[in-house]
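Hello,

Here is the structure I promised to pass on. Please have a look at it first; my notes follow below.

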Number of protein chains: 2
Amino acid sequence: MAILRVSGSRDLPPGEISMTDTSITDAHNEDADSIPADHDGNVAEVILDDEHPMEAHTEVHTRAASPALIGEGYVAGIDLGGTKILAAIFAPNGTIVSRSKVLTGSVGGLDVIDRMAAAVREAAGVAGLSLSQITAVGTGVPGPVNPDTGVVHVTPNIPGWELMPLRDELSSRLGIPVAVDNDVRVAVIAEHGAGAGQGARNMVAVWPGTGVGGGIIINGKIYTGADSYAGEIGHITVKVGGAPCGCGGRGHLEAYCSRTAIVKRLHKLVRSGHKTRLTRIAGKNILKAKSSDIAEAASLGDPLVLAVLERTARYLAVGIASVSNLLNPELVVLGGGVVEALGAPYVDLITAFVREQPFAATTGPLRIVQSALGDDAGVTGAAIIARQIHNRHNSEEAA
Amino acid sequence: MAILRVSGSRDLPPGEISMTDTSITDAHNEDADSIPADHDGNVAEVILDDEHPMEAHTEVHTRAASPALIGEGYVAGIDLGGTKILAAIFAPNGTIVSRSKVLTGSVGGLDVIDRMAAAVREAAGVAGLSLSQITAVGTGVPGPVNPDTGVVHVTPNIPGWELMPLRDELSSRLGIPVAVDNDVRVAVIAEHGAGAGQGARNMVAVWPGTGVGGGIIINGKIYTGADSYAGEIGHITVKVGGAPCGCGGRGHLEAYCSRTAIVKRLHKLVRSGHKTRLTRIAGKNILKAKSSDIAEAASLGDPLVLAVLERTARYLAVGIASVSNLLNPELVVLGGGVVEALGAPYVDLITAFVREQPFAATTGPLRIVQSALGDDAGVTGAAIIARQIHNRHNSEEAA
C-alpha cells in the first residue's frame with residue numbers, strides 16, 4: 001500500500017505527493033465505519049425497522065474518561081445519523097458501559113424519535129439499569145438546531161423534521177431531561193472535552209465529509225454565535241466567483257474540500273479522459289464513491305486521486321489559514337469522514353500547506369491534529385451536553 | 001455633489017451605483033482629519049519637534065459618556081499615530097475634559113515615548129490636574145503589540161520600535177500605570193464600549209484604511225486569540241491565487257479592499273487608458289490619493305472611481321459574509337479611513353451586497369453599521385483600557 005506523504009520543504013510544488021509502502025489507515029480510524037466489536041462479548045445491537053427483529057450489541061469502553069464526562073449518575077449519549085442511531089450509556093466515572101444501535105429507517109417524523117428512545121432503553125437494559133437511573137440524555141442532530149429551544153430546523157436526511165421539537169418529544173418519551181445540538185458541534189464538544197482538544201482554550205474544528213462542517217471553542221467553551229449558526233467554516237469564500245456550493249454560494253471552502261467536491265472533481269477529470277483505479281473500486285459512477293473508496297485508491301498510489309487530494313489539501317490549508325488569521329487559535333482539530341478515511345498522512349499534508357500560508361505569526365505556531373475519538377465522537381459529545389444540562393439543573397436547584 | 005447609493009434590489013447589477021445631489025460626507029466624519037476646533041476657546045495644541053515651540057489645544061467634549069468610560073479618578077487616553085500623538089483626559093464621569101496633540105516626529109525610538117508623556121502632561125495641565133490625579137493611561141499603537149507584556153513587536157511607521165517595552169517606558173516617565181494595545185483593537189474596544197457597538201455580545205469590526213484591520217468581540221469582550229493576533233480579517237483569503245497582499249500572501253481581503261488596493265486598481269485602470277477626475281484632485285500620482293480624495297471624486301460622480309468602489313464593496317461583502325458564516329455575530333461595525341471618508345452611502349452599498357451572500361440565516365439578520373466615534377475612537381478606546389487596568393488593580397488590592 002502507499003501513503004500520501006509530504007516532504008519537509010516549504011516549497012512543495014503542485015503534484016508532489018510521495019508514496020511509501022505503508023498503510024494510510026491509522027489507529028484513529030480503524031473503527032470508522034462500524035461499532036468496535038465485542039471487547040467483552042456483551043453484544044447488543046438493536047435493529048428496529050419494519051422487517052427486522054431487535055438485536056443488541058454492547059461493549060465495555062476502555063478509553064480513560066475525561067473530567068467533562070464524569071458526574072453524578074448515568075447519562076446517555078445518542079448519535080443520530082441518517083442511517084443509524086447509536087446510543088451509549090456513560091457511568092458516573094465517565095466510561096461507556098453499554099451501547100446500542102438502531103436503524104433510523106426511511107419513515108422519518110416521530111417514528112425516528114420512538115427509535116431514539118428505544119435505543120436508550122435498550123442500552124440501559126443491557127447495562128442493567130432502569131431509565132430512572134439515567135439522569136440526562138444528550139443527542140447530536142445532522143442539521144441546524146437551536147440548543148436553547150431544542151427545536152430542529154430541518155434535517156436533509158430525515159424526512160418530516162422541519163421545526164421538530166426534538167428535545168421535548170424525546171424527553172416526554174423517556175421522562176428524562178434531554179439536550180440537543182448539531183452533530184458536528186457535538187463532535188467538536190467531544191474532541192474538546194475528551195479527545196484531541198482537551199485543555200485547549202481557543203480551538204477550531206474542521207470536519208470535511210459530505211459537506212465541510214466546523215466548530216469553534218473560545219475561552220474553553222463552544223461558541224455558538226448570535227443565532228447558534230457559528231462554525232460554518234465550509235461556507236467561507238476562498239475563491240470569489242469560484243465553484244458552485246450546495247448552499248447557493250460560489251467559491252466556498254465546501255465546494256472544494258468536501259467528499260462531494262472531491263468526487264465531483266474526479267468525475268469531471270475522468271469524463272475528460274483521465275484514468276483512475278477509483279472506477280474499479282467504487283464502480284463506474286465515481287460520484288457515489290465513499291471516503292473509504294477514495295482512501296483505498298490513494299493507498300494504491302492512484303495518481304489522479306492523489307492529485308485531487310493534494311489540491312483539496314491546499315484549499316483546506318487556505319481556509320485554515322484564513323480562520324487562523326481571524327481567530328488566532330492555538331489548535332485546529334481535523335475530523336469528518338474524509339479525514340477519518342485518509343488519516344495522518346492527509347493531516348500532515350494539510351499541515352505542511354498551512355505552514356506555507358501567511359501570516360507565519362498565526363499559521364506557524366498553530367497546532368493541527370487529527371480528531372481522536374473517531375466514531376465515538378457523536379455519543380461522547382452527546383454525553384457531555386447531557387452532563388452539562390444535569391449540572392446546570394442541579395446548580396439551579398441549589399440556588 | 002453626488003453620492004454612492006444602492007437600490008433596494010437584491011439583484012443590483014455590476015456598475016449600478018446611483019448618484020444624487022447630496023454630500024457623501026456625513027456627521028460622523030466631519031472632523032475625520034482634524035481635532036474639532038475650540039468649542040470653548042480653550043485651545044491646547046502641543047507641537048514638539050526640533051523646529052516648533054509648543055502650542056496647546058483643548059475642548060470640552062459633549063458626547064454622553066458610556067459605563068465603560070466611567071470610573072474612579074481621571075484617566076488619559078493616547079492615540080499614537082505615525083504623524084501625530086493625540087492625548088485626552090477623561091473625567092470620572094467619562095467625559096473628555098481636555099486634549100492635546102503632539103507631532104510624532106521622524107526620530108522614533110524613545111523620543112516618541114517622551115512626546116507621548118509630554119502630551120499627557122500637557123492635557124493634564126490644561127485640565128488643571130496634576131499627574132498624581134491621573135489614575136491610569138491607555139494607548140493604542142499602530143502595529144502588533146502584546147497587551148499582557150506591553151511590548152510592541154514593531155511599528156511600520158515609527159522607526160526604532162522593534163520589541164519596544166512601551167508600557168514600562170511610558171509608565172516610568174509618568175509614574176502612572178499604563179495599558180497598551182494595537183490601535184485597531186483599541187478603536188474596536190471604543191466602538192463596543194462607547195460607540196456603535198454598545199451592548200453587542202458578539203460583534204466584528206472591519207476597518208479598511210491603509211490596510212484592512214479588524215477586531216472581534218465575543219460574549220461582550222474583546223477576543224485576542226492564542227497570541228494576541230486575532231482579528232486580522234484583512235488576511236483572510238477571498239480569492240485563491242489572487243492579487244498580491246502586502247503580507248506576502250495572495251488574494252487576501254486587504255489586497256482588494258484597503259485604500260492601497262483601491263488606488264492601485266485606479267492606477268492600473270488609468271494606465272490602461274481610463275479617465276478619472278481623481279488625477280485632478282489628488283495629482284498625477286494616483287497611488288498617493290488619500291481616502292478624502294477618493295471620496296471627493298466619488299461625490300463628483302466620477303464613473304471610474306464609483307466602479308472601483310463598487311468592486312471593493314463587493315469584496316468587502318464577501319469577506320463579511322465569510323466571517324458571518326464562521327462567527328454568526330449580531331453586528332458588524334465598519335470603520336477606518338475609507339469608510340470614514342465615504343460614509344453612510346458606502347456602508348449601505350456594502351450592506352446590500354452582504355444581503356446577497358449566503359447563508360441568509362447569518363447574513364440576513366446581521367446588523368451592519370458605521371463606526372460612531374470617528375477620530376475620537378483612538379483616545380476613547382485607550383481610556384477604556386486605562387479604566388480596565390485601574391479596575392483590575394483595585395480588585396487585586398481588595399483581594
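**Salt bridges**

A:R173 and A:D114 form a salt bridge through their side chains, with N to O at 2.7 Å. A:R173 sits in helix α2 of chain A and A:D114 in helix α1 (residues 109-126) of chain A, so the pair ties together parts that are 59 residues apart in sequence. Bear in mind that this is a predicted model. A:R173 is partly exposed, at 23% relative accessible area. A:D114 is also partly exposed, at 37%.

Chain B has a salt bridge between B:R173 and B:D114, at 2.7 Å, N to O. Here B:R173 lies in helix α2 (residues 166-174) and B:D114 in helix α1 (residues 110-126) of chain B, so parts 59 residues apart in sequence are tied together. B:R173 is partly exposed at 24% relative accessibility, and B:D114 is partly exposed at 36%.

B:R173 also forms a salt bridge with B:E169, where the closest N and O atoms are 2.8 Å apart. Both residues lie in helix α2 of chain B, four residues apart, about one turn of the helix. B:E169 counts as partly exposed, at 23% relative accessibility. In chain A, salt bridges that share partners join A:D114, A:E169 and A:R173 into one network.

Over all chains the count is 14 salt bridges. Between chain A and chain B it is zero.

**Interface**

How much area do chain A and chain B bury between them? The value is about 3,200 Å², with 65% of it on carbon and sulfur atoms. On the chain A side, A:Y223, A:V240 and A:L326 lose the most area to chain B, together 21% of what that side buries. In contact are 39 residues of chain A and 39 residues of chain B.

**Sheet in chain A**

Five strands make an open, mixed sheet, ordered β3-β2-β1-β4-β7. β3 (96-103) and β7 (178-182) are at the edges with a single partner strand each, so one side of each has no neighbour in the sheet. The twist averages 15° from one strand to the next. Helix α2 (residues 166-174) packs on the sheet and touches β1, β4 (134-141) and β7. Its direction makes about 145° with that of β7(A).

β1 (residues 74-80) and β2 (residues 84-90) pair antiparallel over six bridges. One bridge partner pair is A:D79 and A:L86.

**Helix α10 in chain B**

Nine of the twelve residues of α10(B) are buried, among them B:Y346, B:L349 and B:F353. The buried residues pack against α8 (303-327), β11 (331-334), α9 (336-342), α11 (360-363) and β12 (367-370) of chain B.

Best wishes

Note on methods: Residues numbered from 1 in each chain as written. Chains lettered and ligands numbered in written order. Predicted model: local features only at pLDDT ≥ 70, side-chain atom pairs only at ≥ 80, totals over all residues. Heavy atoms only, no water. Pairing = 2+ DSSP bridges. Helix = DSSP H or I, 4+ residues; strand = E, 2+ residues; numbered from the N terminus. Axes fitted to C-alpha atoms, helices over the stretch in contact; angles between N-to-C directions. Contact = heavy atoms within 4.5 Å. Buried < 20%, exposed > 50% of the residue type's maximum accessible area, 1.4 Å probe, protein only. Buried area = accessible area lost by both parts, 1.4 Å probe. Salt bridge = Lys/Arg side-chain N within 4 Å of Asp/Glu carboxyl O.
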